[in-house]
Amino acid sequence: MRIDVLLNKLCLVKTRSIAKNACDKGAILVNDREAKASLETKIDDIIECNMFGFRTLIKIKKIPEGNVAKKDVLDFYEIISREKVVE
């Protein structure tokens, strides 16, 4: 599944276009590499999101087949760390 679609399905961003713009600006890293919006994600990928004033590291546990209910999103990833970015 594309990284921009995955971020949207897992409720990490509100829309796919926000995820695409974040990728275009270099705010999304997958396995320590800048991710283009079209990057295909896999199980055990480490995703770093530098958005909304936080640096969040997550590990993908499962790839969703379709839409995911908000109450079920933690079945698909685990949060490794989340820290406030000081500018």
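**Notes on side chains and the core**

1. Let's begin with a polar contact: the side chains of lysine 9 and asparagine 67 meet at 2.8 Å. The term stands for a pair of N or O atoms within 3.5 Å; within protein, one must be able to donate a hydrogen and the other to accept it, and residues adjacent in sequence count only if both atoms are side-chain atoms. Please keep in mind that this is a predicted model, where local features need pLDDT of at least 70 and side-chain atom pairs count only at pLDDT 80 or more, while totals for chains, interfaces and linings use all residues. Residues are numbered from 1 along each chain as its sequence is written, and side-chain values use heavy atoms, with hydrogens and water left out.

2. Lysine 9 belongs to helix H1; helices (H or I, at least four residues) and strands (E, at least two) are DSSP runs, numbered from the N terminus. With a relative accessible area of 23%, lysine 9 is partly exposed. The scale here is buried under 20% relative accessible area, exposed over 50% and partly exposed in between, with a 1.4 Å probe and protein chains only. Beyond its neighbours within four places in sequence, lysine 9 has contacts (heavy atoms within 4.5 Å) with Met1, Pro64, Gly66, Asn67, Val68 and Val73.

3. Aspartate 4 is also placed in helix H1. Is aspartate 4 buried or exposed? Aspartate 4 is buried, at a relative accessible area of 0%. The side chain of aspartate 4 has a polar contact of 2.5 Å with the side chain of arginine 16.

4. Threonine 41 sits in the loop between strand E2 (33-34) and E3, and is buried at 6% relative accessibility. A polar atom of the threonine 41 side chain lies 2.9 Å from the backbone oxygen of methionine 1. Not counting residues up to four places away in sequence, threonine 41 touches Met1, Ile3, Leu6 and Ile63.

5. On to the nonpolar core, meaning a set of buried Ala, Val, Leu, Ile, Met, Phe, Trp, Tyr and Cys residues joined through side-chain atoms within 4.5 Å. The largest one has 22 residues, and those with the most contacts inside it are Ile3, Leu7, Leu10, Ile28, Ile47 and Ile60. Two or more residues come from each of helix H1 (3-9), helix H2 (16-24), strand E1 (28-30), strand E3 (46-51) and strand E4 (54-60). Leaving aside neighbours within four places in sequence, isoleucine 60 is in contact with residues including Leu10, Ile47, Phe76 and Tyr77.

6. How many disulfides does a search of the whole structure find? The search returns 0, a disulfide being a pair of cysteine sulfur atoms within 2.5 Å. For cysteine 11, the closest cysteine sulfur is in cysteine 49, and at 13 Å that is too far for a bond. Cysteine 49 is in no disulfide either, the nearest cysteine sulfur being that of cysteine 23, 8.4 Å away. Cysteine 49 is buried at 9% relative accessibility, whereas cysteine 11 is partly exposed at 36%.

7. Finally, two charges over rings, where NZ of Lys or CZ of Arg is within 6 Å of the ring centre and within 35 degrees of the ring normal. Lysine 62 lies over the face of phenylalanine 76, 4.9 Å from the ring centre. The charged end of arginine 82 is over the ring of phenylalanine 54, at 4.1 Å from its centre.
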